Amino acid sequence: MASDLKPTLREIEEASERIEGIAWRTPLLPASRHDTGTLLKLECLQRNGSFKIRGAWNRMSRTKAEERDRGFVTVSAGNHGQAVAWCARHLGSKCTVWVPDDAVEKKVKAMEAMGAMVQRMPEVEIMNSMTDDRWQKARETYIHPFGDRYVIAGQGTVGLEIIQDFPQVKTVIVPVGGGGLISGIGTAIKSTKPDVKIYGVQAELAAPIIRSFKSGRPERIESGKTFADGVAADRVFSYMWPIMQEVMDGALAVSEEEMRAAIRHLANEVHVVAEGAGSAALAAAWKYSSQLDKPVACIVSGGNIDNVVLSNILSQKE
Ligand SMILES: *Cc1c(COP(=O)(O)O)cnc(C)c1O
């Protein structure tokens, strides 16, 4: 694993130019009519329904013809796989996506609809494979979901857009899975506005960042099953920790119910659909409101939620 994963600000700016016309510039809107101190960066409206296209395109558009000819391979709970599948098709290449056994069916179908070959493996094996070089040895060109300098630079473009659209921002809350999104956003924001606070959020049921932040080193935990599959994690990866530790001011955790309430609010008041991971930052902004410097920007990182799960959440009483 490359030890030098942290992109420069210049590399993130360059990624912004590179993704133009591929990723969309998403809106930054108030979370409600009454609360103008909380803003939402709506990556749930991004192409393919999550921010992942930013990093995937920034990485994949740099490949040489022979790498493209070999096709691409990746591992993903679903959103990174969709982005890689889209980019592969756009580049005229094939791709294979390894997903966990229990991946959200809608995400799998979307990958297949874009021509990806989907393969399944147990989730824990996927997690384990991210610490060895098994994928790097694959015949195809491997696109890491977070541990890649160009992927991180691509995700960092979300941070640049927030600073451009809302320079008054004091706090940014970012959902954390492998840590590529927060590493990119944190690098972009801290190198232009070092006083802006960056918080990571995970589901209480699977929150290794809380433990890691307390101990000061990357920890592995016994994690439970959260419906927020985009941030489900059982560890902080040691190769991500140096950047995460450098850019993060704190780690937050929200319950399943707090995320469900945020999904209802986003649907009813903002008229957007968020998946579990996409709702976590808003849930955290409410929960920790008294401790946060305002205004706060929340990354609504994705909207690919199962229809039945969504309808259950929406029909539930507040
Ligand atoms: C991938 C993903 C995340 C987490 O991003 P990392 O770079 O893995 O930390 C958060 N939310 C959604 C919707 C995602 O797809």
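Helices (H or I, at least four residues) and strands (E, at least two) are DSSP runs, numbered from the N terminus. With that in hand, select Asn48, which lies in the loop between strand S2 (38–42) and helix H2 (52–60). The model is predicted: local features need pLDDT of at least 70, side-chain atom pairs count only at pLDDT 80 or more, and totals for chains, interfaces and linings use all residues. Residues are numbered from 1 along each chain as its sequence is written, and side-chain values use heavy atoms, leaving out hydrogens and water.

**Backbone stops**

Stay on Asn48: its phi is positive, about 70°, although it is not a glycine. Most residues other than glycine have a negative phi, and most peptide bonds are trans. Next select His271, in the loop between helix H11 (256–270) and H12. His271 also has a positive phi, near 65°. Then go to Pro295, in the loop between helix H12 (276–287) and strand S10 (296–300). The peptide bond from Lys294 to Pro295 is cis, with omega near 0°.

**The sheet**

Now select the open sheet of four strands, whose order is S5-S4-S3-S6, with parallel pairing. Its edge strands, S5 (117–121) and S6 (141–142), each pair on one side only. Two strands pair if DSSP finds at least two bridges between them. Strand S3 (residues 72–75) and strand S4 (residues 95–100) pair in the parallel sense over four bridges. To see one of the partners, select Phe72 and then Cys95, its bridge partner in S4.

**The ligand**

Select the ligand and the 15 residues around it; Lys52, Asn79, Gly177, Gly179 and Ser301 come nearest. Here a residue is near if one of its heavy atoms lies within 4 Å of the molecule. By class, this shell has five nonpolar, eight polar and two charged residues. In this scheme Ala, Val, Leu, Ile, Met, Phe, Trp, Tyr, Cys and Pro count as nonpolar, Asp, Glu, Lys and Arg as charged, and the others, Gly among them, as polar.

Show distances next. A backbone N or O atom of Gly178 lies 2.8 Å from an oxygen atom of the ligand. For Gly180, a backbone N or O atom lies 2.9 Å from an oxygen atom of the ligand. In Ser301, an N or O atom of the side chain is 2.6 Å from a nitrogen atom of the ligand. The protein covers 95% of the 380 Å² of accessible area that the ligand has on its own (Shrake-Rupley method, 1.4 Å probe).

Terms used:
A polar contact is a pair of N or O atoms within 3.5 Å; within protein, one must be able to donate a hydrogen and the other to accept it, and residues adjacent in sequence count only if both atoms are side-chain atoms.
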